[in-house]
Amino acid sequence: MQLFNELFKFFHIKVNPTVNLNNSSDETKYVPFDPAKKHILESEGYRKILPVEPLISIISEMEVEKDVAVDVGAGTGHFTIPLARIFRKVYAIEISTEMAEYLHKKAHDMGVNNIGVIVMEKPPELEKADFILFANVLHEMDNPEEYIEWASKIGNVVAVIDWEEDAPFGPPADERIPEGEMIEVLGKWFNVERRDVYRYHYFLLGKRSR
Ligand SMILES: C[S@@+](CC[C@H](N)C(=O)[O-])C[C@H]1O[C@@H](n2cnc3c(N)ncnc32)[C@H](O)[C@@H]1O
């Protein structure tokens, strides 16, 4: 616990504590993950609480074309790089240039050359995606619903991984998006399935309902 508390003590800084899934006003401003703390995302502790294998086996077994995947808020590529091993092309969307450069170099150094890194704050213009991942990112956004709606227009399947309300470490409790709220919003466009995968995060799969 001590290790995790230290890892996540300064996970990110909030300016205004209001959580509102469809807030489009300027009142709530979240400061995204601080790139200076990217070592947290590369740590053993992070790999322990959020192993990539369960996600990869769920997606591998799903009847979804393994053509294009999008990893929104890709960070250091914790999920992006494993996804690039099963999809033909993966787009990694990052708000932070520093994170994007780090991921680009890491993928290059690992000889992974099917990742396109896009630096964008808003949903990018992409034609289609077979799979879209939001891992630990929607709670950092001012308007997560906008991103989910975008995903419903181009994506066949989405996965949302985000902090459980009662996880004993992680972002401040009032920043987290309760699972029930997330299911409600996803349910506007997707058939939602809950998977029991992680101890401190909920894992929701959304399959396009039309
Ligand atoms: C906590 S990290 C998680 C990274 C990765 N998904 C993982 O699970 O390891 C959140 C990442 O999302 C990025 N981010 C925050 N808001 C974003 C936005 N609106 N668009 C794209 N990336 C965003 C941050 O820069 C950061 O790298």
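**View 1. Overview of the predicted protein.** Of the 210 residues in this predicted model, 34% are buried, where buried stands for 20 or more other C-beta atoms within 10 Å of the residue's own, exposed for 12 or fewer, and partly exposed for anything in between, with C-beta atoms placed from the backbone. Residues are numbered from 1 along each chain as its sequence is written. Because the model is predicted, local features need pLDDT of at least 70 and side-chain atom pairs count only at pLDDT 80 or more, while totals for chains, interfaces and linings use all residues. The secondary structure comes to 8 helices and 7 strands; helices (H or I, at least four residues) and strands (E, at least two) are DSSP runs numbered from the N terminus. Among contacts in the protein with a separation of 6 or more, 65% are between residues 24 or more positions apart. Two residues are in contact if their C-beta atoms, placed from the backbone, lie within 7 Å.

**View 2. Confidence along the chain.** The protein has a mean pLDDT of 88, with 85% of its residues at 70 or more. Over residues 9-28 the pLDDT is below 50, yet this stretch has 37 contacts in the model beyond near neighbours in sequence. The pLDDT is the predictor's confidence in each residue, from 0 to 100. Where pLDDT is low, the predicted coordinates should not be read in detail.

View 3. Ala 135 counts as buried because it has 22 C-beta neighbours inside 10 Å. Leaving out residues up to four places away in sequence, Ala 135 touches Phe 79 and Ile 161. Ala 74 is 61 residues from Ala 135 in sequence, but their C-alpha atoms are 7.8 Å apart in space. Asn 136 is found in the loop between E4 and H7. Asn 136 is also buried, with 22 other C-beta atoms within 10 Å. Its phi is near 55°, a positive value in a residue other than glycine.

View 4. Helix H6 (residues 97-109) has 13 residues and reaches 18 Å from its first C-alpha to its last, close to the 18 Å expected at 1.5 Å a residue; the expected span is 1.5 Å times one less than the number of residues. Met 99, Ala 100, Tyr 102, Leu 103 and Ala 107 are the buried residues of H6. These residues are on the same side of H6 because they cover an arc of only 160° around the axis, the arc being that of the directions from the helix axis to the C-beta atoms. Their cover includes helix H2 (38-41), helix H5 (80-84), strand E2 (89-94) and strand E3 (115-119). On the face turned away from the buried side are the exposed residues Thr 97, Lys 105, His 108 and Asp 109. The C-alpha atoms of Glu 101 and Val 117 are separated by 8.3 Å, at 16 residues apart along the chain. H6 is followed by Gly 111, whose phi is positive, near 75°.

**View 5. The buried face of helix H7.** Pro 144, Tyr 147, Ile 148 and Ala 151 are buried in helix H7 (residues 144-154). The buried residues of H7 fall within an arc of 100° seen down the axis, so they line one face of the helix. They pack against strand E1 (68-72), E4, strand E5 (155-163) and helix H8 (179-186).

View 6. Phe 169 counts as partly exposed, with 18 C-beta neighbours inside 10 Å. Pro 178 counts as partly exposed with 15. From C-alpha to C-alpha, Phe 169 and Tyr 200 are 8.6 Å apart in space and 31 residues apart in sequence. The C-alpha atoms of Pro 178 and His 139 are separated by 9.6 Å, and the two residues are 39 residues apart along the chain.
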